[in-house]
Amino acid sequence: MSGIIDKVVLITGASSGIGEATARELAAAGARLFIGARRGERLKALADELGGTVAWRELDVTDGADFDAFVDAAAAQFGRIDVLVNNAGVMPLSPLAALKRDKWKRMVDVNIHGVLNGIAAVLPRFVAQGSGHVVNVASVAAHMVMPTAAVYCGTKHAVRAITEGLRQEHDEIRSTLISPGVVATELGHDITEPDIAAALKGWRQKSLTPDAIARAVRYALEQPEGVDINEVIVRPTAAD
Ligand code: NDP
């Protein structure tokens, strides 16, 4: 059985929250990590803290060429790539009637195109090596729709569909969806409607810490090659 310690893992959105916690969890398990996000100073601080098996590069997941370069840089650094964790995401909630087209576009760009750009960047490599693992971070919002979250939920439903499609099309590639419930992170810091920001604060009264999601990612990664964890849903105890 090959353990997590052998793996080269790429993580997007590792500058905060769930991505940062996942980097900590997987580094502790001995994985070699290549972490990305737009805020390079945070990535550098995390890589410096975690030590020699963690490298970083600034990445905007909405830019396909940038994602290709990110993956090439990781391969140059470590010689191979075993896992991509597509974690980067945004959640600037608003009601549809507010017509916040810019926010709709940003959610679609980051949450859907970001995941697709990641898949495009690693898929030829995974097919050529006959193995690989794509872990997409969706949400319980991939299973339900809530007022003010129509577009966000739409993007996460899409991530769920794309993950399942990847699984169906590629026997040689493992495909995992991680669907967190409410987690205390910076997500939603860009919500501009005060009532929605207040509601989010209320939901977070009962929330997970990001390490709970990091352990779910680790669980999927440490399975033997013949085992594909298709989805893990993680909610705080007694959540709705
Ligand atoms: P954070 O806001 O803490 O982290 C989001 C990360 O995404 C940051 O590292 C940010 O980095 C990165 N990011 C945003 N835009 C881009 C971009 N264009 N290119 C590259 N990186 C980008 O939130 P979470 O940790 O909570 O979110 C992680 C994932 O978990 C998201 O997909 C989110 O939808 C999902 N999720 C979160 C839940 C929660 O309750 N917190 C619940 C369910 C799902 P930077 O700004 O430096 O680029």
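Once its neighbours within four places in sequence are set aside, Asp-60 is in contact with Arg-38 and Asp-66, where two residues are in contact if their C-beta atoms, placed from the backbone, lie within 7 Å. The model is a predicted one, in which local features need pLDDT of at least 70 and side-chain atom pairs count only at pLDDT 80 or more, while totals for chains, interfaces and linings use all residues. Residues are numbered from 1 along each chain as its sequence is written.

Asp-60 sits in the loop between β3 (54-58) and α3 (64-78); helices (H or I, at least four residues) and strands (E, at least two) are DSSP runs, numbered from the N terminus. Because 19 other C-beta atoms lie within 10 Å, Asp-60 is partly exposed. The classes used here call a residue buried if 20 or more other C-beta atoms lie within 10 Å of its own, exposed if 12 or fewer, and partly exposed in between, with C-beta atoms placed from the backbone. The C-alpha atom of Asp-60 is separated by 27 Å from that of Ile-5, which lies 55 residues apart from it along the chain.

Asn-87 is placed in the loop between β4 (83-86) and α4, and it counts as buried because it has 30 C-beta neighbours inside 10 Å. From Glu-49, which is 38 residues away in sequence, Asn-87 is 21 Å apart in space, C-alpha to C-alpha.

The loop between β4 and α4 also holds Leu-99, which has a positive phi of about 55 degrees although it is not a glycine. Most residues other than glycine have a negative phi. Leu-99 is exposed, because 10 other C-beta atoms lie within 10 Å. A positive phi, here of about 70 degrees, is also found at Thr-148, again not a glycine. Thr-148 belongs to the loop between β5 and α5 and counts as partly exposed, because it has 19 C-beta neighbours inside 10 Å.

Within helix α4 lies Lys-103, which counts as buried because it has 20 C-beta neighbours inside 10 Å. Beyond residues up to four places away in sequence, Lys-103 touches Pro-92 and Ser-94.

Helix α5 (residues 150-169) has 20 residues, and at 1.5 Å a residue it should span 28 Å, so the 28 Å between its end C-alpha atoms agrees; the expected span is 1.5 Å times one less than the number of residues. Which residues of α5 are buried? They are Val-151, Tyr-152, Cys-153, Thr-155, Lys-156, Val-159, Ile-162, Thr-163 and Leu-166. An α-helix has 3.6 residues a turn, so residues three or four places apart point the same way. The buried residues of α5 pack against α4 (101-129), β5 (132-137) and β6 (173-180).

These elements belong to a fold with seven helices and seven strands, which follow the pattern β-α-β-α-β-α-β-α-β-α-β-α-α-β along the sequence. Of the 240 residues, 44% count as buried, and residues 24 or more positions apart account for 69% of the contacts with a separation of 6 or more. For 240 residues a compact globule would have a radius of gyration near 18 Å, so the 17 Å of the protein agrees; the radius is taken over C-alpha atoms, and the globule rule is 2.2 Å times the number of residues to the power 0.38. Along its principal axes the C-alpha trace spans about 50 × 40 × 40 Å.

An unreviewed UniProt entry carries the annotation "domain: Ketoreductase" for residues 7-169, with positions in the numbering used here, a shortened feature name, and the caution that annotations may be inferred rather than shown by experiment. Over residues 7-169 the chain is 53% helix and 16% strand, and the end C-alpha atoms are 23 Å apart.
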